[in-house]
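Walk through this structure from the inside out.

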Amino acid sequence: ADDYTFINGAGEILTKDQRLANLSSGATSLDTITLGEDVKVRVYGNDAAVSTSRVTLKGKYSGKAVSGDYQSMTVWAKGSSGWQLVANQVTPITGKP
């Protein structure tokens, strides 16, 4: 979506343009993304959905090496052009509290 927002593992908030620029420049590139078996999807009415899951990432975000387990959340909205990703966030799993 045009108003897409991404929050990376360092807590930085990126707009759609910033996220696409990171990907285009090569500053962000993921070698592997492994989706866990704990995917949960909640649907709200006919036009919104939120998914959560555990992912294992290896690569780099914004020029910084990343490798490890993360919790991921994606938010989808259905508009006149169909389903669009409007926001997502990845949070590193650092251990048990």
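The model is predicted. The largest nonpolar core has nine residues: Y4, F6, L14, V55, L57, Y61, V66, Y70 and V90. β5 gives the most, with three residues.

Take F6 as a way into the core. Leaving aside residues up to four places away in sequence, F6 touches E12, I13, L14, R19, Y61, N88 and V90. Among these contacts, L14, Y61 and V90 also belong to the core.

Now stay with β5. S53 sits in this strand. Is S53 buried or exposed? Its relative accessible area is 8%, so S53 is buried, as that value falls under the 20% cut-off. Beyond residues up to four places away in sequence, S53 touches L35, D38, V39, Y70, Q71 and S72. Y70 is one of the core residues.

V43 is found in strand β4 (residues 40–44). The relative accessible area of V43 is 56%, so V43 counts as exposed, the cut-off being over 50%.

Turn to charge. Side chains of opposite charge can pair when their charged atoms come close. How many salt bridges does a search of the whole structure find? The search finds three.

One joins K16 and D2, at 3.3 Å from N to O. This pair links distant parts of the chain: K16 is in helix α1 (residues 16–25), and D2 is in the segment before β1 (5–7), 14 residues apart. K16 is partly exposed at 26% relative accessibility. D2 is exposed, at 72%.

Another joins E12 and K64, at 3.8 Å from N to O. E12 lies in the loop between β1 and β2 (13–15) and K64 lies in strand β6, so this bridge ties together parts that are 52 residues apart in sequence. Both partners are partly exposed: E12 at 32%, K64 at 48%. E12 is also among the contacts of F6.

The remaining bridge joins D69 and R54, at 3.1 Å from N to O. D69 is in strand β6 and R54 in strand β5, so the pair ties together parts 15 residues apart in sequence. D69 is partly exposed at 29%, and R54 is partly exposed at 34%.

Note on methods: Residues are numbered from 1 along each chain as its sequence is written. This is a predicted model: local features need pLDDT of at least 70, side-chain atom pairs count only at pLDDT 80 or more; totals for chains, interfaces and linings use all residues. Side-chain values use heavy atoms; hydrogens and water are left out. A nonpolar core is a set of buried Ala, Val, Leu, Ile, Met, Phe, Trp, Tyr and Cys residues joined through side-chain atoms within 4.5 Å. Buried means under 20% relative accessible area, exposed over 50%, partly exposed in between (1.4 Å probe, protein chains only). Helices (H or I, at least four residues) and strands (E, at least two) are DSSP runs, numbered from the N terminus. Contact means heavy atoms within 4.5 Å. A salt bridge is a side-chain nitrogen of Lys or Arg within 4 Å of a carboxyl oxygen of Asp or Glu.
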